[in-house]
Amino acid sequence: METQDKFARTFSFEFFPPRTPEAAGKLKTTQETLAALNPDFFSVTFGAGGSTRERTFETVIDIREKTGIDAAPHLSCMGALNDEIKNILATYKDSGINRVVALRGDLPSGSVGYGQLRYANELVEFIRQETGDHFHIEVAAYPEFHPQAPNPQSDMKHFKMKVDAGANSAITQYFYNPFAYYRFVDNCEKMGIDIPIVAGVMPIINCTQLRRFSDACGAEIPRWILLRLQEFGDDRVSIRKFGIDVTTELCEELLKNGVPGLHFYTMNQSEASVEIWKNLGIHKRER
Ligand code: FAD
C-alpha cells in the first residue's frame, strides 16, 4: 500500500442508465442529492453489446448539464465492431467528455458474441491509438480475482496489460475483506504497476440482491456478514442499519490505510451513500 498514498484521493458514484421515464425521474433526484456531496465525478454503466449506448450517453450529458459535475461513460468492447467504438469515442470527444471507464463487458446470455476487441487491454490500446491522450482511462481491477481467470497470477498479468496499454487509474470490483485489497495492491506494486487503484464500494442494503450480484461477479461476502443478514430475515430496518455500519467501517479502514479513493456502486439510490459519506465526514470536503 506504500505507493497509493501519493495519489490525490477521488470520491465518485456510479449509476446505470434508466430504462423507463419513471426510473429516469428517480435518477434525477438521486443525482441532485449526491451532487450536493460534491463528488469528483459520476460514472454511468454501458450494457455489453451496445444495448445502452444512447442511454449511457444521454445520462452522462444530463448529469453534466444538471449538476456541473464531471460524468464518465463506461464503454465495453464485448460484441462491438471497431468502427462502432470509433464512432462512440468521436461522439464522446465532440461532447467534451474526457474520462471513460474501459471494460470488456459480460456477454448477456444467449446474445452477441465477442467483438473485434476481445479483452479490455485491447480496448485501452484502441482508445489510445484512436484518440491519443484525450481520455483519462479507468479500468476494472479484481482484488478477489476475476471469476473467469484461470488463476490469480494470470489475472494479475492481464491487469498489468491494461495498465501498460495506457490506463490512468483503476476501480475495483466491490469487496468486504480489506486484506484482499491490500494484498492485491502490494502485488501490483511488486509488478511495477503505478496507478491509483480506487476501491469500489457496494453499500449493503438488500441481502438477496447482494447475493445474486456477488455470485455473478465473484465478490465474496464474508460468512459473518451473510449469517447476520440471514438472521435479520425480512427486517429491512435492521439489515440497512447493519449494512451501513459494516460498509462505513470498511471505508474507514481503507481510508486509514491510504486508499486513493472510493467509488460507490449506488444502484441509482442515494440514501445509503449519503449516510456513509456523512459517517465518514467526506460530504463536506473541498475539492
Ligand atoms: P478484462 O480485463 O478483459 O478481463 C476479463 C477476463 O479475461 C479476466 O479473467 C482476465 O484475466 C482475462 N483476460 C484479460 N485480458 C486477457 C488477455 N489479453 N488474454 C487472455 N485473457 C485475458 N460490465 C458491463 O457490461 N458494463 C459496465 O459498464 C461495467 N462496469 C464495470 C465497472 C467496474 C468498476 C467493474 C469492476 C466492472 C464493471 N463491469 C461492467 C463488469 C465487467 O465488464 C466484467 O467484470 C467483465 O467480466 C470483465 O471486464 P474487464 O474489463 O475487467 O475484462
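Buried means under 20% relative accessible area. The legends below describe close-up views of a predicted model.

**View A. Phe 57 and Tyr 92 form a stacked aromatic pair.** The count of aromatic pairs comes to 15. In the pair of Phe 57 and Tyr 92, the ring centres are 6.1 Å apart and the planes stand at 20°, so the arrangement is stacked, the limit being under 30 degrees. Phe 57 belongs to helix H2 (residues 53-67) and Tyr 92 to helix H3 (residues 82-94), so the contact ties together parts that are 35 residues apart in sequence. Tyr 92 has 2% relative accessibility and therefore counts as buried, whereas Phe 57, with a relative accessible area of 22%, is partly exposed.

**View B. Trp 224 and Phe 242 form an edge-to-face aromatic pair.** The two rings lie 6.3 Å centre to centre, with 85° between the planes. This pair links distant parts of the chain, 18 residues apart: Trp 224 is in helix H8 (residues 223-232) and Phe 242 is in helix H9 (residues 236-256). Phe 242 has a relative accessible area of 11% and is therefore buried.

**View C. Ring pairs join several aromatic residues into a cluster.** The members are Phe 11, Phe 13, Phe 15, Phe 42, Phe 264 and Trp 277.

**View D. The charged end of Arg 99 sits over the ring of Phe 41.** The distance from this charged end of Arg 99 to the centre of the Phe 41 ring is 3.9 Å.

Notes:
Residues numbered from 1 in each chain as written. Predicted model: local features only at pLDDT ≥ 70, side-chain atom pairs only at ≥ 80, totals over all residues. Heavy atoms only, no water. Phe/Tyr/Trp six-rings, centres within 6.5 Å; stacked < 30°, edge-to-face > 60°. Helix = DSSP H or I, 4+ residues; strand = E, 2+ residues; numbered from the N terminus. Buried < 20%, exposed > 50% of the residue type's maximum accessible area, 1.4 Å probe, protein only. Lys NZ or Arg CZ within 6 Å of the ring centre and 35° of its normal.
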